[in-house]
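Thanks, everyone. I will take a few minutes on one model and go through it chain by chain.

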Amino acid sequence: MTTALAGTAEFRTLLEEELGLYLEEEDLDRPLDDFPDWDSVLLLRLVTVVEGVVGGRIPVADLLQVRTFRQMHQVVTDR
Amino acid sequence: MTQAQHRIPSPDSTAAWHDRASLATLRDLYRAGKLAAEYGSVRALLSRMPRADLPAAGQLLARLDLEEVRRHVPDAPVVSVPVTGESTVAPVVGPLTAELARHGLLLDAKVAPYGSYLQDLMRPAGTAQDADLMLCVLDAHTVLGDLTVPWRAEDVEDAARARLALISSAVRAHQQAGRGLLVLNTVPLHRHVTHQLVDLRCRARLGAVWREFNSGLLSLAAEHPGVVVVDLDPLIGEGVPAGEPRAAQYARARLSEPLLAAYAREAAHIVRARLGRTRKVLVLDLDGTLWGGVLGEDGPGGIELGAGLRGEAFVEFQRVIRQLASQGVLLAVSSKNDADAVSQALRTHPAMVLREHDFVHVNANWKAKHDNLRDIAERLGLGLDSFVFADDSLFECGLVGEQLPEVAVVRVDDEPALHPGALLADGWFDLFELTEADLERADRYRTEARRQEFREDVDSYQAYLDGLGLEVTLRPPDESELARVSQLTLRTNQFHLATERLDVPQVADRMAHPGSYVIAVHARDRFGDHGLVGVLFLRRDGEVLRIDNFALSCRVFARGIESACVAAVLEFARDTMAKAVASRYLPSPRNAAFAAFYADQGFTPVGTDPDDPDAVFFRHDLRDIAPAPAHLRLHATFGPDDGDRT
């Protein structure tokens, strides 16, 4: 794992800069249903961006099944 | 700069034009919550942003609240685009937002639910607000969706035929309902499909069947004037992956993100054409752009053109430009050089493809290029927003971009083999249908130069008008002229009193409507034929004849043609027992100069639009009709008087 996304702060910055989604640290544990703007299109964009950053493949199907942004962060860093 | 330095290639030369900091600046604005308020600067930021960064920029721009953005850039046109398609089509919104923002346009996208395109196409008219155009994004699943395993090439053939028939009838329904411009695309054939057939003969058959389907889609554009089909093959041929298997599998997004970005660029140019923003003029630098070397140092015999590998590449680039010119793009030169040397090189160099007469103006001098561009615009009577400027100098490109943000700047670098790709990377000159007026445009502007010489020879403007021998003819357009009439409504910005953009089917619809008249204006003089230069849209409304719209090409302003047209309409109204003629001026960003036109023609302002106080309604009671100007001969035919005056 590169250090680029190691912390949740970096992950939140990436969500904001790439997807325009601003999150506080405590939002990471809220269910994704609380974010009406979140959809699979944003997730696809996230896959492209994260794979560009980490230079490798992330498991997309796992990513589609997470319930919170923290779990999402775990999927993209846990490789 | 020495020749040697001039010719050293630098791999970063395009990177220097494309500014990698642009995206960071945009992100900073977004994070600070200022992007909507600073939207006015977005177009400039995007103009030099590397192409690969545009989807990321679009992602942020698409998240802004449209109403808030509009408050900050009230003059930016909003383009309403329903997006439908075979699969998940929402990923096109980000890239399209960015591509439209590059042209100063705001996107109001309405994304249809998954797979609803047939219903969307066949929905009756009038259920939704009129959209500027509809995107219907198709992909391989359009053909393969109903296939079951095992399948053979013949099964794909059957499926493709059935699907094409379905799409064709849906498109026909969409067009017959008059729902406006429809954009379709060809569908890519993926290797993971072809290689499921191990029999090489069958695989070839599948390829042929697939092309038949795409060919059928492309033919829809020939069948319906209101349909555009974007061919994805050339976009994929640039090295863009057609699909991403995981996105296709898990999110049913079956065209890759980069392919959708390339598609969005094409779509944005279709929007530009629809809004009358097709560029008309290409202004070229010479040294390093049309030939290699420096004319002033190397002399006409020493420039790189024709001979040598790079010399051949410059010839090839000139051929591409000539190809554009043959389709109505006006060429001009702005070069820091001595005029005599340039003239000699253009006339005598044996390998020169573009000659002096191919350019409407050659501005070879030592003045700033933005001043030269202004000068060329003024002499052509065209706005700078119809200009494209190409130069190899970073400095000149930067300066023109800064001084004249409305000009599209194409930076070519020091590799002439890449010049054609750079020039064609954007469809700046894309239009729906070439008309005779396009093909004759350059000749017309050259004739105009002779007119200007004559004007400088005579003592007064009136003497000039008297000597022109102007002849103006008003009559309904014939079938072959409908494209030109549509084009006038699409492309005329200045003398366009109600700025109503109509495509060909809409024009035909107006002509067919009882009590409605479409009148084409033709003009000629002793120097040549101006062709179809204007159009009037008239309508009977009880005892009143309404001028719904009036557009006149800027080439023929200030010669009394506009007054002659009004005189003809007033006389026609009186002769057909109308009580009055009503007209309207609806303001647009470019037609303010003609706000008082109807008042000057003897009309009385009778009211304004409560929503837009600048929109003025006029009325002429037909009691005192000024005759057409005496210096021109007027012929007017309005067609059958089928108005219902009860």
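What you are looking at is a predicted model. Its scores are ipTM 0.87 and pTM 0.80. For chain B, pLDDT averages 91, and 96% of the residues reach at least 70. The stretch to set aside is residues 1-13 of chain B, where pLDDT stays under 50. The model has eleven contacts for that stretch beyond four places in sequence. Where pLDDT is low, the predicted coordinates should not be read in detail.

Now chain A. What does its secondary structure come to? On its principal axes, the C-alpha trace covers about 30 × 25 × 20 Å. Of the 79 residues in chain A, 25% are buried. If you take the contacts in chain A with a separation of 6 or more, 52% are between residues 24 or more positions apart.

On to the sheet in chain B. In what order do its strands lie? The order is S2-S1-S3-S4-S5, five strands in an open sheet with parallel pairing. Strand S2, residues 106-111, and strand S5, residues 227-230, are at the edges of this chain B sheet; each has a single partner strand, so one side of each is left without a neighbour in the sheet. On average, neighbouring strands are turned by 25° against each other, direction ignored.

Going through the pairings, I begin with strand S1 of chain B, residues 78-85. S1(B) pairs with S2(B) in the parallel sense over six bridges, and Pro82(B) stands opposite Lys110(B) in S2(B). S1(B) also runs parallel to S3(B), joined by three bridges. In that pairing, Gly85(B) is opposite Val137(B) in S3(B). S3(B) in turn pairs with strand S4 of chain B, residues 181-185, again in the parallel sense and over three bridges. There, Leu135(B) has Val183(B) in S4(B) as its bridge partner.

Last, the contact between the chains. How many residues of chain B are in contact with chain A? There are 16 residues of chain B in contact with 13 residues of chain A. On the chain B side, helix H3 (21-31), helix H5 (54-62) and helix H14 (245-251) each supply at least two residues. H14(B) gives the most to that side, with four residues. By class, the side of chain B that touches chain A has nine nonpolar, two polar and five charged residues.

That is the model; I can take questions now.

How values were computed:
Residues numbered from 1 in each chain as written. Chains lettered and ligands numbered in written order. Predicted model: local features only at pLDDT ≥ 70, side-chain atom pairs only at ≥ 80, totals over all residues. Pairing = 2+ DSSP bridges. Axes fitted to C-alpha atoms, helices over the stretch in contact; angles between N-to-C directions. Buried ≥ 20, exposed ≤ 12 C-beta atoms within 10 Å, placed from the backbone. Contact = placed C-beta atoms within 7 Å. pLDDT = per-residue confidence, 0-100. Nonpolar A, V, L, I, M, F, W, Y, C, P; charged D, E, K, R; others polar.
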